[in-house]
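Reader: Could you help me learn how to read salt bridges and helix contacts in a model like this one?
Author: Gladly, let's take a look together.

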Amino acid sequence: MKSRVGIIGMGYIGESHIEAIRRIGLCELCAIADTNYELAKEKAAIYGIEKVYASVDELLADSDIDAVHNCTPNFLHKQINEKIIRSGKHLFSEKPLTMNYAEAKELLELKKQYPQVEAAVNFNYRMNPMVQEIRARIKAGEAGDIRIITGYYNQDWLMYDTDYSWRLEPEVAGNSCCIADIGSHWMDIIQHVTGHKIVSVMGDAVTVIPVRKKPAKQQETFKDAVSEDYIEVQVKNEEYAAVMFKTDKGATGVFHVTEMAPGHGCDFSFEINGSSLSYGWNQEQNDRMWIGRRGGDNSVVIRNPNLLSDEAKAYSSLAMGHPEGWNDAFKGNIYAFYKYLAEEKKGDRVFSTLEDAAYVVKLTEKIIESSKLKKWINIEED
Ligand SMILES: NC(=O)c1ccc[n+]([C@@H]2O[C@H](COP(=O)([O-])OP(=O)(O)OC[C@H]3O[C@@H](n4cnc5c(N)ncnc54)[C@H](O)[C@@H]3O)[C@@H](O)[C@H]2O)c1
């Protein structure tokens, strides 16, 4: 059965959700909503969407819709996700799940009362076929014991003091900018791929530009526009972070994140060193993976669906030599969710569950805390 989908939030990422949903036969886009109604109508005209709403409540009242994507800024995730769950519609939320762990726990508790509702969080990089391939090979034991996990996620769209995002404001984003925004993807992917859980962290979170020029008018994320009309604001959240960590299965690791590294667009990279070999992946060359060996040739594997594991093949549509990229992994993640629903929840949850995403929120919070305290923090079970 096809799911009929509504999207709330028509900013930067809302548009990617429209395109991905339209590429999947298991679901159908039914309506969109944004409190900026003019913007929603503009997007509806571009994409030929019939139903456009100016509020969450109107969209949730639409009985045609059975699943809702929440693409609003972080401070609205808890409140809107809660409404979606209570409406009995399935939830597909943007990351991070919430602004803080207290909110995430409330959502987890609420969700228990609605077992018929399925929920996922959009850690979209998971469903790149080469990421799934590394995961399958690690699961099969090819890397040996995982010992060291390293990497980074660098972007540059916040490098000038005239660049601005709600992500810099604790009231809108939570107490973290780049760890919550892009470090969350990094932590999700390495936990997903290795099957390890990060259980101890030591962070160094730094605000690099203490005062920024905030534009007077709403600005879409990543738009390279300098506003003449601005107010100067103190930056409270971190714009760079380095994080050391330990996992529950004895691995150790380090990663760094920033949105202030000139020349980096979506430079998301990880390397996993096992007792037999290493695996590496970089989002900007995401159709390939690197294998490192001692005493043998290193190799770069270019995606070829005919040679991939079944797990990776499920998320690979094009033949070798036809590069699949960011949009394809994004589609793959949404496909994983609707496939799970179409199969009446009998398959694996390959997408991030609410529990997975709540744990990433907890890690983010503990990294910020450890940076303030200048000490390692163990992540306690609830
Ligand atoms: N998965 C990814 O790769 C990825 C990439 C970018 C952003 N995101 C996430 O997506 C979310 C949105 O980010 P963005 O960059 O698109 O932000 P954005 O500021 O470009 O867009 C947010 C939109 O939400 C709308 N909105 C605000 N309040 C609303 C309400 N009450 N009801 C309906 N609409 C409302 C705004 O008018 C705006 O159009 C964030 O949580 C962010 O972390 C994820």
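Author: A salt bridge is a side-chain nitrogen of Lys or Arg within 4 Å of a carboxyl oxygen of Asp or Glu. This is a predicted model, and in it Arg4, Glu28, Lys51, Asp62 and Asp64 are linked in a network of such bridges.

Reader: How many salt bridges does the structure hold?
Author: There are 30. One of them joins glutamate 133 and arginine 137, with N and O 2.8 Å apart. These two lie four residues apart in helix H6 (residues 129-139), so about one helical turn separates them. Both glutamate 133 and arginine 137 are buried.

Reader: Where in the chain are the partners lysine 95 and aspartate 181?
Author: The closest N and O atoms of this salt bridge are 3.0 Å apart. The pair ties together distant parts of the chain: lysine 95 sits in the loop between strand S5 (90-93) and H5, while aspartate 181 belongs to helix H8 (residues 178-194), 86 residues apart. Lysine 95 and aspartate 181 are both buried.

Reader: Now the helices: are H5 and H11 roughly parallel or antiparallel?
Author: The crossing angle tells you, and over 145 degrees counts as roughly antiparallel. The axes of helix H5 (residues 101-112) and helix H11 (residues 354-373) cross at roughly 165 degrees and come within 9 Å, so H5 and H11 are roughly antiparallel. Their crossing is left-handed.

Reader: Which residues of H5 meet H11?
Author: Tyr101, Ala104, Leu107, Leu108 and Lys111 do, and their partners in H11 include Leu354, Ala358 and Val361.

Note on methods
Residues are numbered from 1 along each chain as its sequence is written. This is a predicted model: local features need pLDDT of at least 70, side-chain atom pairs count only at pLDDT 80 or more; totals for chains, interfaces and linings use all residues. Side-chain values use heavy atoms; hydrogens and water are left out. Axes are lines fitted to C-alpha atoms, for helices over the stretch in contact, and angles run from 0 to 180 degrees between N-to-C directions. Angles under 35 degrees count as roughly parallel, over 145 as roughly antiparallel, 65 to 115 as roughly perpendicular and the rest as oblique. A crossing is left-handed if the near helix is turned anticlockwise from the far one by less than a right angle, and right-handed if clockwise. Contact means heavy atoms within 4.5 Å. Buried means under 20% relative accessible area, exposed over 50%, partly exposed in between (1.4 Å probe, protein chains only).
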